[in-house]
Amino acid sequence: MAEFCYCVVDVVSSGGDSLESLPPETLARLCRDTLPEDTRAFEALVSLFKERVYATTYRLMGDREDAEDQAQEVFIKVYRGVGDLDDSSTVAAWIYRLTVNTCFDALRKRRRTPARAWAASFGPEEDEEIGYPDTKMPTPEEVALRGELRECLEETLWSMEIQDRGVLVLRDVEGRPYQEIAEALTVSLGAVKMRIHRARLAFQQLFGRLCPELWRPEKASEA
Amino acid sequence: MTTGDTGFDLTDLADGTLTGPEWEEWLSAHPDLAVQVSMARQVRALLMELRAMPVEMPADFEAILMERLRRDDTFLGLLDLWLAGFGRVLLELLGALFGAPSPPESAPSGTGR
């Protein structure tokens with residue numbers, strides 16, 4: 001089996017097709033059979049997941065340096081644990097769960113809301129461009145407003161309790177299904193929904209206080 | 001009906017998992033809860049804005065990770081060697097002290113896996 005997988009790695013990497021184009025479950029199987037001698041499949045897995053993992057650690061940790069540390073920690077766990085993964089088709093969910101749990105563990109150890117280091121590292125540098133999905137160039141006012149909104153949203157999120165911040169990041173920012181969040185937090189589906197609702201109300205209170213100019217309450221009938 | 005009792009349904013209503021005239025009617029009958037659902041929808045919409053805002057990866061992330069893994073592997077390898085050597089010395093010492101037979105020589109290569 002190991003010999004077969006070495007051949008697959010060699011064929012793929014020499015045939016012009018890149019390992020990154022393989023589905024994650026195939027990469028996980030390759031990692032299982034080739035690590036630690038050959039790290040190419042693992043590097044491809046890192047390349048495939050690094051942005052997703054880092055975005056989650058950044059949003060949960062609220063600090064670039066901590067986010068990088070935790071993202072590194074996640075991939076070290078992947079490196080050590082991918083060989084024991086029973087079902088390689090679950091690799092994406094497994095990595096996501098590792099990411100969330102690693103951050104929650106770190107946050108519990110830290111036992112405080114993150115330092116406001118984000119303020120310094122927040123958003124684009126003056127000469128840095130922001131990527132927008134539409135092709136229309138935003139006006140300087142739009143850029144400023146968007147920057148202000150981002151700052152307010154992040155400040156509010158990172159001022160919240162760990163659990164509240166966690167469910168909002170997972171559900172509303174990252175759009176994860178309830179079931180996955182419940183599994184990551186090891187609570188019931190009903191408890192997750194309840195927690196999400198309470199966290200949203202808590203967010204609204206805090207956001208309204210921190211950035212009153214950006215909160216425009218709607219009438220219930222308009223929603 | 002308290003919020004605690006209905007939190008489950010309110011999240012479904014805010015997320016649009018529960019929709020339809022019967023739910024709109026239910027909301028009209030519970031104006032205070034309708035306000036909560038409206039707020040929750042607004043918060044959800046605001047936070048979804050963050051999803052579209054890119055998070056920039058730190059430079060050299062992969063290089064740092066691979067270097068760290070290489071260092072860890074080297075350290076673990078050395079630790080393994082050291083423990084194996086230490087174990088052997090300990091066994092020899094115990095053998096000398098209590099007269100236990102000395103540890104067997106390593107199996108000749110090719111006799112097993």
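Which domains does the domain assignment give for chain A?

1. The assignment divides chain A into domain 1, covering 1-115, and domain 2, covering 138-214. Where these two parts of chain A touch, 12 residues come from domain 1 and 11 residues from domain 2. On the side of domain 1 of chain A that touches domain 2, helix H3 (40-61) and helix H5 (91-110) each supply at least two residues. H5(A) contributes the largest share of that side, 6 residues. Sorted by class, the side of domain 1 of chain A that touches domain 2 of chain A holds 6 nonpolar, 4 polar and 2 charged residues.

2. The model is predicted, and its confidence should be kept in view throughout. Chain A has a mean pLDDT of 81, with 78% of its residues at 70 or more. Among the elements of chain A, the lowest mean pLDDT, 39, belongs to helix H6 (residues 117-121), and the highest, 95, to helix H4 (residues 64-81). Over residues 114-134 of chain A, pLDDT stays under 50, and the model has 21 contacts beyond four places in sequence for this stretch.

3. The secondary structure of chain A consists of 10 helices and 0 strands. Of the 223 residues in chain A, 33% are buried. Among contacts in chain A with a separation of 6 or more, 65% are between residues 24 or more positions apart.

4. Chain B has 4 helices and 0 strands. Buried residues account for 18% of its 113 residues.

5. Is helix H3 of chain A largely enclosed or largely open? It is largely enclosed by the rest of the structure, because 16 of its 22 residues are buried. The length of H3(A) can also be checked: at 1.5 Å a residue, its 22 residues should span 32 Å, and the end C-alpha atoms are 29 Å apart, which agrees. After H3(A) comes Gly62(A), with a positive phi near 75 degrees.

6. Leu48(A) lies in helix H3 of chain A and is buried, because 20 other C-beta atoms are within 10 Å and the cut-off is 20 or more. Leaving aside residues up to four places away in sequence, Leu48(A) touches Glu20(A), Pro24(A) and Leu27(A). The C-alpha atoms of Leu48(A) and Arg198(A), 150 residues apart along the chain, are separated by 34 Å. Arg52(A) is also placed in helix H3 of chain A, but counts as partly exposed, with 16 C-beta neighbours inside 10 Å.

7. A cis peptide bond, with omega about 0 degrees, joins Leu35(A) and Pro36(A). Pro36(A) is located in the loop between helix H2 (24-34) and H3 of chain A. Between the C-alpha atoms of Pro36(A) and Arg52(A), 16 residues apart along the chain, the separation is 24 Å.

8. Thr186(A), a residue other than glycine, has a positive phi near 50 degrees. Thr186(A) occupies the loop between helix H9 (178-185) and helix H10 (189-210) of chain A, and is exposed, with 8 other C-beta atoms within 10 Å. In chain B, Asp60(B) has a positive phi of about 60 degrees although it is not a glycine. Asp60(B) belongs to the loop between H3 and H4 of chain B and is exposed, having 10 other C-beta atoms within 10 Å.

Key. Residues are numbered from 1 along each chain as its sequence is written. Chains are lettered from A and ligands numbered from 1 in the order in which they are written. This is a predicted model: local features need pLDDT of at least 70, side-chain atom pairs count only at pLDDT 80 or more; totals for chains, interfaces and linings use all residues. Domain bounds come from an automatic or database domain assignment. Two residues are in contact if their C-beta atoms, placed from the backbone, lie within 7 Å. Ala, Val, Leu, Ile, Met, Phe, Trp, Tyr, Cys and Pro count as nonpolar, Asp, Glu, Lys and Arg as charged, and the others, Gly among them, as polar. A residue is buried if 20 or more other C-beta atoms lie within 10 Å of its own, exposed if 12 or fewer, and partly exposed in between; C-beta atoms are placed from the backbone. The expected span of a helix is 1.5 Å times one less than its number of residues. pLDDT is the predictor's confidence in each residue, from 0 to 100.
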